[in-house]
Amino acid sequence: MTDAEIFDKTKEILVDQFDLEEDEVSLTTDLTNDIDADSLDLFEVLNRVEDDFDIKLAVAEDIKTVQDLVDKIKEQLAA
Amino acid sequence: MEQLKIVASARQIPDRQVTNQELSTMMETDDEWIYTRTGIHQRNVVTTENTSDLASEVAKKILAKSGVSPDSIDFIIVSTMSPDSLSPSTAAIVQANIGATNAFAFDLSAACSGFVYGLSVASSLLMSRYQRGLIIGAEVLSKLVDWKDRTTAVLFGDGAAGVLVERTQDNVGLLGEELRTFGEKGDNLVAGRFANTNPFSENISPLDPYFHQNGREVYSFATREVPEALQAALETAQVTADDVDYYLLHQANARIVSSIAKRFGQPVSKFPTNMASNGNTSAASIGILLDELIESNTIHAGQTIAFAGFGGGLTVGAQIWKI
């Protein structure tokens, strides 16, 4: 899967979860400060990412931005 | 269908209310933080009672509502993770308190799935040779809470509720169920750990009575496994999700309930909640909600309802009833 494909799929999840416009999500989007996601929102996003990418994401604390999330997904897909 | 009738229900909630506001004077938290993440505004705690007191009041109320005599009850199951004692069981204490002289009684430990697990066991007993049983979920979780730990202290409350269930010729009963346990995930939600302190011990494990949970794992478990269990129960019951009038889920967290409703593709209006005023009362929560909804006639004869408990174990249990 290319980086662009990973980002697009991740963006789809975020747009749906937080009822956003597509252009509100970029790699630099901060999940807490820009989207106002709390810890349970992040749990929900991580669960959906796990389900949609068929991976396991262990820890949420170091995922702050969409870039962080995409990097984690890439890491797990390569494992 | 196992032809069984829920004859009467009752609940017992302690009088002392502890609001989020009051908790914010005891630990670093606030109402907005707690409510947005859990849906809880307050919880109720005992001040003088213990679990058997709450459970006994439920039993007495059920006897009064149903008019049945205590000596006609065949068995009493109390589902609890916070018994008065390991021996006697809370159910045995209830049996004595209400004079159910012909009933055998035992506690059932399945944490927040306890009410559904209890109903399952009761159904099997009733379909085998018994006629009438009391199933009560009763908890004093306030004695398992570390009141200095804001990650868990805000979540839990005390309470009890139960039902009287009988064999019946009426066209009502248990249509289907699905009970599952995931013991390999058990360490994600723990409470009441005993120390191994005999004089021969080589590996002394510490005493740790308090709740600890891995929030992420518990949230993931609940939002994934409850829809699966409900679907399996519906298939056994040969009923569709649309046919169910109300889904009574364990009242752990409003966000978990709405996430489950969304994953299950059913309107959230079919998933009533009451954790705002009770907090998470573990095995008591479904029964408390059921009794409230019966009292308001929201739930009544002729409906199809689903119960789903989930939590410590980790366990999940779903049932579909025609009432």
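Helices here are DSSP runs of H or I with at least four residues, strands are E runs of at least two, and both are numbered from the N terminus. Keep that in mind for one detail: just after H4(B), Gly99(B) takes a positive phi of about 70°.

Some ground rules. This is a predicted model, where local features need pLDDT of at least 70, side-chain atom pairs count only at pLDDT 80 or more, and totals for chains, interfaces and linings use all residues. Residues are numbered from 1 along each chain as its sequence is written, while chains are lettered from A and ligands numbered from 1 in the order in which they are written.

Chain B carries 10 helices and 13 strands. Its C-alpha atoms fill a box of roughly 55 × 45 × 40 Å along the principal axes.

How much of chain B is buried? Of its 323 residues, 52%. Buried means 20 or more other C-beta atoms within 10 Å of the residue's own; exposed means 12 or fewer; partly exposed is in between; C-beta atoms are placed from the backbone.

Now contacts. Two residues are in contact if their C-beta atoms, placed from the backbone, lie within 7 Å. Take the contacts in chain B with a separation of 6 or more: 78% join residues 24 or more positions apart.

Back to helix H4, residues 90-98. Here 7 of the 9 residues are buried, so the helix is largely enclosed by the rest of the structure. The buried set is Thr90(B), Ala91(B), Ala92(B), Ile93(B), Val94(B), Gln95(B) and Ile98(B). They pack against helix H3 (51-66), strand S4 (75-79), S5 and strand S6 (132-140) of chain B.

Next, the domains. Chain B splits into domain 1 (2-171) and domain 2 (174-322). Those bounds come from an automatic or database domain assignment. The domain centres, over C-alpha atoms, are 14 Å apart. Across the boundary, 46 residues of domain 1 are in contact with 42 residues of domain 2. On the domain 1 side, H5(B) gives the largest share, 7 residues. That side divides into 21 nonpolar, 17 polar and 8 charged residues. For those classes, Ala, Val, Leu, Ile, Met, Phe, Trp, Tyr, Cys and Pro are nonpolar; Asp, Glu, Lys and Arg are charged; the others, Gly among them, are polar.

What about the largest nonpolar core? It has 114 residues, and Val58(B), Ile76(B) and Ala308(B) have the most contacts inside it. H7(B) supplies the largest share, 10 residues. Both domains of chain B give residues to this core, so it lies between them. By nonpolar core I mean buried Ala, Val, Leu, Ile, Met, Phe, Trp, Tyr and Cys residues joined through C-beta atoms within 7 Å. Leaving aside neighbours within four places in sequence, Val58(B) is in contact with residues including Ala10(B), Ile136(B) and Ala160(B).

On to the annotation. UniProt, in an unreviewed entry, places "active site" at Cys112(B), His250(B) and Asn280(B). They span 169 residues in sequence, yet no two of their C-alpha atoms are more than 8.9 Å apart, so they gather at one spot. UniProt positions follow the numbering used here, feature names are shortened, and annotations may be inferred rather than shown by experiment.

Where does Cys112(B) lie? In the loop between strand S5 (104-108) and helix H5 (114-128) of chain B. Cys112(B) counts as buried, with 33 C-beta neighbours inside 10 Å. Beyond four places in sequence, its contacts include His250(B), Ser282(B) and Phe310(B).

Asn280(B) is in the loop between helix H9 (275-278) and helix H10 (285-295) of chain B. Asn280(B) is buried too, with 24 other C-beta atoms within 10 Å. Among its contacts beyond four places in sequence are Leu155(B), Phe156(B) and Ala252(B).

Last, the other chain. The contact takes 9 residues from chain B and 7 from chain A. On the chain B side, H7(B) gives the most, with 5 residues. By class, that side has 1 nonpolar, 4 polar and 4 charged residues.
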